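Hi,

Here is the structure I promised to pass on.

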Amino acid sequence: MRVNCPNCESKAIITSRENQSAGVADLYCTCTNTKECGATFVTTIAFKHYLNPPRKDTAQMAASLIKNLSRAEQLELVGSSN
């Protein structure tokens, strides 16, 4: 992950991280442009949403949906995949 300085847009180094909650953390950063900037700052990073859910979650969701089908619907679903 790359963080840029909000002042000069130079690359910044993450010096530490403090988790605020599940999926949200404060990143303590230092600008690498020490001659002209040298800012230290805190930025927040947060998980937003999946573009593609984890395989385990997808498989569990599919199994749950299949269990809710009648036996005839389950057999029809399996037969239509060939």
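First, something to check by eye: is Glu9 buried or exposed? Bear in mind that this is a predicted model. With a relative accessible area of 54%, Glu9 counts as exposed, because the cut-off for that class is over 50%. Glu9 sits in the loop that links strand 1 (3-4) to strand 2 (11-21).

On the overall layout, the protein chain splits into domain 1 (1-48) and domain 2 (50-81). Taken over C-alpha atoms, the centres of domain 1 and domain 2 are 42 Å apart.

UniProt, in an unreviewed entry, lists residues 4-51 as "domain: Zinc finger Ogr/Delta-type". Over residues 4-51 the chain is 56% strand and 0% helix, and 24 Å separate the end C-alpha atoms.

As for aromatics, there is 1 aromatic pair in the structure. The ring centres of Phe47 and Tyr50 are 5.0 Å apart and the planes meet at 65 degrees, so this pair is edge-to-face.

Then there's the surface. Ile66, Leu69 and Leu77 make a nonpolar patch of about 210 Å². Of these, Leu69 lies in the loop between helix 1 (55-67) and helix 2 (71-80). Leu69 is partly exposed, its relative accessible area being 31%.

Cheers

Methods. Residues are numbered from 1 along each chain as its sequence is written. This is a predicted model: local features need pLDDT of at least 70, side-chain atom pairs count only at pLDDT 80 or more; totals for chains, interfaces and linings use all residues. Side-chain values use heavy atoms; hydrogens and water are left out. Rings of Phe, Tyr and Trp (its six-membered ring) pair if their centres lie within 6.5 Å; planes under 30 degrees apart count as stacked, over 60 as edge-to-face and the rest as tilted. Patches are made of residues with over 30% relative accessible area and no salt bridge: like charges are joined within 9 Å, nonpolar side chains (Val, Leu, Ile, Met, Phe, Trp, Tyr) within 5 Å. Accessible areas come from the Shrake-Rupley method with a 1.4 Å probe; for residues, only the protein chains shown count as cover. A salt bridge is a side-chain nitrogen of Lys or Arg within 4 Å of a carboxyl oxygen of Asp or Glu. Helices (H or I, at least four residues) and strands (E, at least two) are DSSP runs, numbered from the N terminus. Buried means under 20% relative accessible area, exposed over 50%, partly exposed in between (1.4 Å probe, protein chains only). UniProt positions are given in the numbering used here, feature names are shortened, and annotations may be inferred rather than shown by experiment. Domain bounds come from an automatic or database domain assignment.
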